[in-house]
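Hello,

Here is the structure I promised to pass on. Please open it first, then read the notes below.

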There are 2 protein chains.
Amino acid sequence: MRHSNLDWRIVLVRPRNPLNIGAAARAMANFGLRELVAVDPFAPTWREARESAVGAGPVIESARAVPTLLDAVGDATTVLGTTTGERRQLDRVPLSLPQLAPWLRRRKARGRAALLFGSEKTGLSNEDLGRCHALLRIPTSADCPSMNLGQAVAVCAYELARAGLLGVQTPPARSAPSDAADLEALEHVFERTAQMLDAVGYLKPKGRNATLLKLRRLLMDLELTSSDVRILGGVVAQVQWKLEQNLQREQK
Amino acid sequence: MRHSNLDWRIVLVRPRNPLNIGAAARAMANFGLRELVAVDPFAPTWREARESAVGAGPVIESARAVPTLLDAVGDATTVLGTTTGERRQLDRVPLSLPQLAPWLRRRKARGRAALLFGSEKTGLSNEDLGRCHALLRIPTSADCPSMNLGQAVAVCAYELARAGLLGVQTPPARSAPSDAADLEALEHVFERTAQMLDAVGYLKPKGRNATLLKLRRLLMDLELTSSDVRILGGVVAQVQWKLEQNLQREQK
């Protein structure tokens, strides 16, 4: 289920290190997010931010700095504030990041969604959090709850993409290996293998069927590709050829 | 379904920047991963790595550098190599990161699992990839496929935790807001609200029931907590008190 109805904006509130703005931009570009806003950045220098925004040129070029949070999220219908939930009494229990998709589905959210990240040291203020429709917590370990800013953006961007929340922005999902060998090819190589095993005396008359069944199961479990099967078939064919050659030589 | 049978090790192969080793350590600590190995690091200085390993002391203190990949993964039963799949002809189609959990389940993997990340610039070599049981691809955008090393580790660590692959290491999942108001509390505040609305003349005799039904629906949809309901009840009670006071004053 996709939410192409939501346009996502990443908002960094009072980021202190320009390199982190660039790192956030790169993580965004990695997952097809485009809109980045910095609220009252400590050092509003985009030159440094560009350094760490490898491959994220369009994101950083179109990024904006605004003076207040309201300037950044005034047009948003869904404002989400990230928090470790460690330092302060929160007025709400945060959603765990994997719960975001079902929450948005229940809420039938549309329009602009803003995802807020606080300053590196202090996170979002209580005032910032009060402007959020929901708080969001990356389910980190209690021993080391606080994430690096760029890494937190990366994890959230990944989750948005994974959960299908980025609509058309989502990169096409790669399918599982699609050149899995078909059954006919497997059967063919299995038949040749059985002949070979007969030829080398591996298969004893007693228990022959049970052994073949076990081998067939093994062959299926390997999840071979067409290419694997061609290679395996080639090996077996070569062994058979050699065995026949030896046989012919003996018979001479 | 948990895989406490797998012990995870993060392996950085020929990392060039010590700050990235520290960043990887921090991301690991965030999700309860403990074992970090660097293969032939370009600049094997742990001092710099410690700088960026905020809160990840135990991970970085127990980290090791080894000369070859085999030294790092010789004891592993499952070796996974991360790749963007962009630069070279791969011999296998990589698993997309969210496919990892089902793949491990099918494989009934046990023992030591090693997750490999290549050098910042060049990724894992074909020789490295040849040592892997499966290749793993973070599903990044085609426009900007290559991730920052620390961010890639963070995303993978999050996915391992999210998918329940870290066994007992997984931090306890936070539940959704559990102090949702019960129906009795909602009914109570609804009744008082209806009284108040009657008192202020909001409810016209015609359509009264339809309006109340709509309001009741709204109240349910808000997903109020017990605390919200107490506040709301307090507001309504206060309004009622004021209305009654005014009424008494008029009657005097």
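**Strand β6 of chain B**

In chain B, strand β1 (residues 6-13) pairs with β6(B) in the parallel sense, over seven bridges. Strands pair here if DSSP finds at least two bridges between them. Helices (H or I, at least four residues) and strands (E, at least two) are DSSP runs, numbered from the N terminus. One position to look at is Leu6(B), which stands opposite Gly111(B) in β6(B).

Strand β4 (residues 78-82) of chain B also pairs with β6(B) in the parallel sense, over four bridges. There, Gly81(B) has Leu116(B) of β6(B) as its bridge partner. Strand β6 (residues 111-117) of chain B is largely enclosed by the rest of the structure, because five of its seven residues are buried. Buried means that 20 or more other C-beta atoms lie within 10 Å of the residue's own; exposed means 12 or fewer, partly exposed is in between, and C-beta atoms are placed from the backbone.

**Ground rules**

This is a predicted model: local features need pLDDT of at least 70, side-chain atom pairs count only at pLDDT 80 or more, and totals for chains, interfaces and linings use all residues. Residues are numbered from 1 along each chain as its sequence is written, while chains are lettered from A and ligands numbered from 1 in the order in which they are written.

**The sheet of chain A**

Seven strands of chain A form an open sheet, in the order β3-β2-β1-β6-β4-β7-β5, with parallel pairing. Its edge strands are β3 (64-66) and β5 (95-96) of chain A, and each pairs on one side only. Strand β2 (residues 35-39) of chain A runs parallel to β3(A), joined by three bridges. Ala38(A) stands opposite Ala65(A) in β3(A).

**Helix α7 of chain A**

Helix α7 (residues 149-162) of chain A has 14 residues, which should span 20 Å at 1.5 Å a residue; its end C-alpha atoms are 20 Å apart, which agrees. The expected span is 1.5 Å times one less than the number of residues. α7(A) is mostly covered: 14 of its 14 residues are buried.

α7(A) lies across β1 (6-13), β4 (78-82) and β6 (111-117) of chain A, and runs at about 150° to β6(A). Axes are lines fitted to C-alpha atoms, for helices over the stretch in contact, and angles run from 0 to 180 degrees between N-to-C directions. Residues are in contact if their C-beta atoms, placed from the backbone, lie within 7 Å. Just after α7(A), Gly164(A) takes a positive phi of about 70°.

**Where the chains touch**

The contact takes 39 residues from chain A and 37 residues from chain B. On the side of chain A, α1 (18-30), β5 and α7 are the elements that give two or more residues. α7(A) gives the most, with seven residues.

Most residues other than glycine have a negative phi. Asp40(A) is not a glycine, yet has a positive phi of about 45°. Asp40(A) is in the loop between β2 and α2 of chain A. In chain B, Asp40(B) also has a positive phi of about 45°. Asp40(B) lies in the loop between β2 (35-39) and α2 (46-51) of chain B.

Chain A is assigned domain 1 (6-169) and domain 2 (183-251); such bounds come from an automatic or database domain assignment. The centres of the two domains of chain A, taken over C-alpha atoms, are 57 Å apart.

Best wishes

Definitions and conventions: Two residues are in contact if their C-beta atoms, placed from the backbone, lie within 7 Å.
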